[in-house]
Each structure stands twice: as structure tokens, then as C-alpha cells.
Amino acid sequence: MIVQTNTHLRQGIVGVTCFRQRERHYSYRLTWTVSHLPACLDALYLTRNNKLHSQENIVHKGFKYTRMSSEIMDRPGSNVVTKENLSDLPLSSAYETAMEALSSLITRQKRGDKTPVGGTYEKLDRMLMYIKILGLEEHIADLKIIHVAGTKGKGSTCTFCEAILRECGFRTGLFTSPHLIDVRERFRLDGLNISEDKFLLYFWDCWNQLKENISEGLPMPPLFQFLTVLAFKIFVAEKVDVAIIEVGLGGKKDSTNVIKKPVVCGITPLGMDHIEALGDTLGKIASHKAGIFKPQIPAFTVPQLSEAMDVLQETAREQMVPLEVAAPLDPKTLGGLELSLSGDHQFVNAGLAVSLCKSWLRNTGNWEKLFQDESQENNLPDAFLRGLSTAHLSGRAQTVYDPVLTSHSSSEGMASSSGDLIFFLDGAHSPESMEVCARWFSNAVKVNKDLPPSSSFKVGKVEELHRNGFCHPDNEEELAKISKRILLFNCMEVRDPQILLPQLVHACASSGTHFSKAIFVPSMSTYNKVTSGASVIPPDIHVRDLSWQLNLQRIWEKLIHGKDAVLDMSPKMDGPENLPPHEFLYDNFSDCNSVARNFACSAVIPSLPLAINWLRDCARKNPSLRIQVLVTGSIHLVGDVLKLLRR
């Protein structure tokens, strides 16, 4: 199959292709061949007439170039056109077929499983062989990569880097994990999720070539390895100027560590997470993260605890790596703007991103080209400010007004609450991130704060508020509403809720924020299926083992009451008849009674859809309440909530 795409030949900046020194540009046609698609896709009609984004011309430091508008979020569409064997097979059906193929690569059924992949090669050796099969070895070496590892803030740091360099005029590729709703979130081109048609082309090209070359010694790659190889394929084929690559797990043995010569490396804040794979001390974890360092390649980290910093510095000395500590970004340098990602902790991530981007620009010979004024060294260029104030990452300190109960003002793009059910989403799942989440939530739920008029944007039917999540009452009736702060929680069984829950509660309490109730639910996501944003949400499972959720409830009740609670509940519960009465939500925290059948402080609800519908019913039946729901403990739970709110 021959695929044709039109692009622009742009010149003027060392080592990149995205700048034009003249107003006119040269158009050329790039023709490339996809090896072949599966039978069901041979006749796939992939024509798209939509433009991926709007563009505007900007004059900056003597260069006239084209950049993507900061205001544009994810939009479908592509300029890819196929000319052979076209038919009417719906793109959605073809995409679901790809999701089924991806699901077959899942080698473990739940977190913590160590199911062997099989074959005779170690992980990184397998990765190198997959890359060789796809003919990507030399091309990956030519990619100008920013490689980022860490425990917390990897995704945010990478997202800031992508937005900054895109605003500088470069064609960007971003690979992050995990995804919340759709696997295409892991692959961003110029700030947008890769379109379905492009995804399918690259996916089946990789799939078929690998499938033809597997053997007993070299099986198909597990899911994350395949996605990593696919990311390299996409970024090479799309000719990105910079590829920002987030490490999946650890660093030293991570699938992304086939990168031999990045332009610069970054290490975000380190903490105790993934101890089953990385070790049970901060030093052991730091050793894995420092595994992405490459000899003489510059690296940056953030202020770390001494146990972690000592390991990072020692590893850097051994490899002659110039390691610098990036200070948290000073809010004063933003010139009155605000970071687009919420929470004080984001100033740490933003400071690291600024250092990584400056290093990338210098090492590729582009800093002087773009910012010839030496005074810019101590000030943030406008492009950096635009990137820091517009970067977007779902599920991290994100505030969403329930679209079912919320009306939207089309004139100002702001949310005016009618049902007052507000979700505060954060995928915190380690002790350190729980504390950060608690501080953000405590600030976000405080009323009488001004919500910046530029801080909201729409994705589907959901109004998402991204600055600091402040709820601004519009009138006296809003001011008179009673706030009920609810924790909606689940975590993986490999994590220790006896550490996570106290950390969250105590950190919130220290900021004067107390939960009225806690609700424990199972996640919808499973480890044996990759779903898309259009995948059908399964109906409620009427009989589900809730032993883990009941255990979470026991820990919560002991935390609140100081003693073990006697639970009069079966680990298997049937449907809506087991929902707590609406009065449960209205009781005060001080009325908690551990001997009541429906606990005054907590409840287990058999499924997430039931829990959200129950919260909506409570909001409808008592308009005097403002229900503020913190969803945390698992990034998968956050993704599941977003899926439900988009429907």
C-alpha cells in the first residue's frame, strides 16, 4: 500500500526541519510504503479532510515560522491519504481490531505478576532485536531525544518539555504512559494524540513485520515493549525534531533504555514505589533510575533526599556525566501567568523541564539561533512561558464538573454549577504523591477563590478546570451550600493502603481539610484488555469479589475510630440494593458510628458506574450540597472515572 502525505520543507535551524527563513515555503510529496495491513484492513478507507490544527505565523528573533496554536486541544483528523483498495469498513471497527491484537500481548493478569515472557533473550536484547527487524537502528540514533525517569512527575515534566519546544517551533513527539482512556494518548505529535488512521498504519506495519520474524527464542514483545517500539517507529516516520521519552518502570532495565545517545537526560523526584521490582530502599530505586545516564551526556535532576542524591551523583561520576540540580521554578519568572498543571509540586517539574529544554536547545545548536539576546539566560523566553502555561496532561490534579449536572456558559467557556458534583482527579499512588495530592486538593476545594478565565477548556462533554481547581461561587445561594468532601478510592493490591490512606488523611487534615465520607470501589480496568475511548463500558458485574475493597474500608474505619471495625458485609454483593441510603452522605463526620450497619464514615459500592450514579442522585435530591469528590489511589481508577464522565 502506498501512502502519500504532504508536508513543508522548512529550513534555518541547526539539526531540525521545522523553521522557515522566508515567508514562502516549499511543498514536497513524501511517498512511503507500509509493508502490509491485515486482511480486515487492506481495504480500509482512511481519507481525512480535517486539519490537525490551526497555525499562525509568528515573527521571533528574526525568524518567521509556523507554530501550532496553544489553544487547540486534541482533534481528530489527518492529511494521510491511501489510494489502493479503499472500502467502507468503519475506522472504529478497524481500531477495535487493533485493540484486540494489543490485548493479546498482555503477559500478566494483575500488577505484581512476574509471568515470564519466554524466549532466550533478556529484555533489552529483545528490544534491540525488535528494533533491528523494523530497520530502526540508525534512525533511532538520529532522533534528538530527551529521556526522563523518576518516581513522581515524569509525565508532567515530559509534557512541559513537549509544550515548550513545540512553542519554540519544533515538531515534537511525546511518548508517555500509562494512558487513561485511549492508548493513542501515549503517542503525541505536535501536542496532539496521534490520529486513529495514522495509528493503524504504523501499528499494523510494526505488528506484521514482527509477526513474520518471531521464533521460539524471540516471541512477540509484551505490551509495553511493543508500544515502545511503536513510539520509535512513529517518531522516525513522522520526522520529529525532538522526541521526549518517558521511562516506563525504573530506568536501567526499562524498555526505553535502548536509547544509546540522548541529547539530555532527566530524573524527577524519587520515592518509594514499585519496590517489588526496583528494591526496598531509596538508594536501590535511585540506582535503577540513574541507569538511563549515558557517558558524557548531560543530565539534570531535582532536589532529592540524600540517600537518592548520593547514588545519582556517584553514578554520574562513574560515567563522567555532567549532572546538575535544577531548582524549582520561581513563580515570579512566569510574568503573571500560571502553570497549566495544578499544584505547588509542579514548580519542581517545571524547573526541571526548563533546564532540560535549555540544554536540548544548546546541545542541538538552536539556543543561539532562537535567543540571541544573552539576557535571556536568566529570563524565560516567551516560547517557554507559552509552553508552561498551556501544557496539558489529563488525570493529574485535574478538576472536572460532572457534565450531567453542569450547564456550560458558551460565551465565557466557564462552568456554572447546577448540580454541584465536582470531581478532583489525581492518580497519586505512592506515599509521597499522596501528600502532594492532599495539598492540591485542600487548596482546590477552598471557596471564594477567583478562577482564572483562561483556565478551562472542553474535551467532549466535560468541562475541565486546570489551574488550581478553585470553585468560585457565583451568588449567595452558591455561598450558602454545604460542602461534602468525599474520597473515592481504590489502589492496587501490591500497594500498602495502611501507608497511603493515613498519609492522605493526615496531610489533608494539616491543611484544614476533612473528608465527610469515603467510598471504596473496584476499578473497571483490567490487565487482560486494552480498550479504546469508544469501547463499550461493560454493564455492572452483579457478583464481584470485593474482599480488597472491604479491606480498604477496614483500614479506613480503624484510621477514623482508632480501633478495628466489625463489618457486617459479604465479600460478594449484588447490584444497587447494596447501595447506602442517600442519608449516608448527609450525615456529619462527627456522627461516625462504627457499629452502624451502613458505616457513617465509609461504604463499599460494588461498581464504579453505580457509585457515580449514586453520587449524582444524591446531588439531585439535595441541591443545598456541594459534593466534592477526590478520586485517587490509582491512575486506572482516574481513567475509568473520566471514561464514565465522557459518556
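This is a predicted model: local features need pLDDT of at least 70, side-chain atom pairs count only at pLDDT 80 or more; totals for chains, interfaces and linings use all residues.
Which residues of H8 are buried? Let's keep that one in mind while I show you around.

Okay, the whole chain to begin with. We have 647 residues in the protein chain, and 58% of them are buried. In terms of secondary structure, there are 19 helices and 25 strands. As for surface, the protein chain exposes about 26,700 Å², with carbon and sulfur atoms supplying 49% of that. And if you take the contacts between residues at least 6 apart in sequence, 79% of them join residues at least 24 apart.

Now back to the opening question. Helix H8 covers residues 282-289, and it's mostly covered, with 6 of its 8 residues buried. Here they are: Leu282, Gly283, Ile285, Ala286, His288 and Lys289. So much for the names; what sits over them? The cover includes two strands, E6 (145-149) and E11 (264-267). It also includes helix H7 (275-278) and helix H9 (306-318).

Last stop, a single residue further along. Serine 389 belongs to helix H12, which runs over residues 382-390. Is serine 389 buried or exposed? Its relative accessibility is 14%, and buried means under 20%, so serine 389 counts as buried.

If you want to follow along in the structure, start with H8 at residues 282-289, then go on to serine 389 in H12. That's my tour, thanks everyone.

Definitions and conventions:
Residues are numbered from 1 along each chain as its sequence is written. Side-chain values use heavy atoms; hydrogens and water are left out. Buried means under 20% relative accessible area, exposed over 50%, partly exposed in between (1.4 Å probe, protein chains only). Helices (H or I, at least four residues) and strands (E, at least two) are DSSP runs, numbered from the N terminus. Contact means heavy atoms within 4.5 Å. Accessible areas come from the Shrake-Rupley method with a 1.4 Å probe; for residues, only the protein chains shown count as cover.
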